[in-house]
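Let's take a friendly look at how some side chains meet in this protein. Have the sequence and the 3D view ready as you read.

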Amino acid sequence: MSIANSAPTRRLVLVVRADPVICGHSGEARCLAEVALTRGFDDVRIVTWPLDALEAAGLPMKPLDRVLPYSPGITVERPDPVGDYRVPDGRYLSGLIGRLVELFSDGVPTVAMSLYLSPHAIAVQEAVQVARQLGPARITTVAEAVGSDITNVVRECVNTGRFGAAAHILSVYLAADHCVAVSEYTRDLIVASAATLDGMAGTTFAQRCRERIAISYPAVDSWPYLSLTDDRIVETLARRGLARDGYVLFLSRIASAKGVDDLIDAYAGSRSASQVELVLAGRGPQEAEVVARVAAAGLGERVRVLTDVDDAEKPALMAGSAAFVLPTREQPEFVETFGIALVEKALAGGGPIITCATGGVPEAVGDTALLVPQRDPATLRTVLDEVVCDWTHEQRADAERRARAHALQFDWVAVFDRLFALTEPPAVQLA
């Protein structure tokens, strides 16, 4: 009998902004869901938002017709909103909470994990309270905090004196059975913001955060990167009109905090520009600005902006690049709290990684990347020219080997097992 027709005995519910949004933590949810199928969970669900709501919010979306399918046994649910126009924002949250109540109240042992505190951990906590009133709810909750939970909500509230919203988010977080953060940097950021709030409102959040928060690095499916063949790389690049080692790659959200403009400025006038193209791959709020900046710099023939890169071709694009550059920088609304794309690039191989030591990036790359100061196109240009124009084959091979060895600790199986060791006794591993 198929999983779909069997009464579930063990359920995992992940509440997240799931595919097709371009978001590293949405990919993390997918990874955790896939591993759960091999760890004794027979009902795995990703509960997320309707596509029209994601599009209306302006979130960058992957090409809808090229999102890789999930394995049988994983169900993606996008609950419809509840109510009419008189509840403009709460309708979608009500739909999400309502579906979670239904999943939580049928007595099936369930682990419910929220990625992002606002609004996902809020939705889970509300649903758990209702489900426990209705019947035999058997729920273990895990709340994962990312940097934007703090920079976009808590820190902004603290800075503007609106302590109530910040206290609400931290209270919901600490109400979970298990609290995790995506990096040590994120945990420190949470504790520091909580301490500021404590000073304002006389609360005790900081000490509780220090005691409760564990680290769970984002999970990455390493197989698509480790299984690449030379033929696959060449074939993928040929479809894009690219040559191996013939381009420098940026692949991330096209947004100010990712430093795309610094990379364009560094590439302009570099020695590298005469030897390799620059490929800017991704979606984001600054696509039009980036295209205009490229044109203004007279680089239209040397720079490509690709907004339709899908999951299947991403590994080959990374592996075929002469260098991978992510000059991420700290901004009030965003800090790179880990750097999933950097781990993916390290697994794929190819040219070296050049990035900035902001946020949790040092944890993602260890000592295997070339780090440049943020907002410093001149230094970035120097380092780019060095690795593209001057490095030997031996230097490239050594950098590739060390980067891959470091990145393997973030493989989805290893991350899943470490995370779920916190929540319950070890499950039976399936073949």
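## Rings, charges and a surface patch

In this predicted model, the charged end of Arg30 is placed over the ring of Tyr70, at 4.2 Å from the ring's centre. Arg253 does likewise with Phe334: its charged end sits over that ring, 5.2 Å from the centre.

How many aromatic pairs does the count come to? The count comes to six. Two of these pairs involve Tyr217, as shown here.

| Pair | Distance between centres | Angle between planes | Type |
|---|---|---|---|
| Tyr217 and Phe338 | 5.5 Å | 35 degrees | tilted |
| Tyr217 and Phe410 | 5.3 Å | 80 degrees | edge-to-face |

Tyr217 is found in the loop between strand S7 (213-215) and helix H9 (223-226), while Phe338 is in the loop between strand S11 (323-326) and helix H14 (340-348), 121 residues apart. Phe410 belongs to the loop between H17 and H18, so its pairing with Tyr217 ties together parts that are 193 residues apart in sequence.

Tyr217 counts as buried because its relative accessibility is 17%, under the 20% cut-off. Phe410 is buried too, with a relative accessible area of 0%. Elsewhere, ring pairs join Phe41, Phe416 and Phe420 into a cluster.

Leu408 is in the loop between helix H17 (393-407) and helix H18 (412-421). This residue is partly exposed, at 39% relative accessible area. Together with Trp223 and Leu226, Leu408 forms a nonpolar surface patch with about 330 Å² of accessible area.

Methods
Residues numbered from 1 in each chain as written. Predicted model: local features only at pLDDT ≥ 70, side-chain atom pairs only at ≥ 80, totals over all residues. Heavy atoms only, no water. Patch = residues over 30% accessible without salt bridge, like charges linked within 9 Å, V, L, I, M, F, W, Y side chains within 5 Å. Areas by Shrake-Rupley, 256 points an atom, 1.4 Å probe, with all protein chains shown as cover. Salt bridge = Lys/Arg side-chain N within 4 Å of Asp/Glu carboxyl O. Helix = DSSP H or I, 4+ residues; strand = E, 2+ residues; numbered from the N terminus. Buried < 20%, exposed > 50% of the residue type's maximum accessible area, 1.4 Å probe, protein only. Phe/Tyr/Trp six-rings, centres within 6.5 Å; stacked < 30°, edge-to-face > 60°. Lys NZ or Arg CZ within 6 Å of the ring centre and 35° of its normal.
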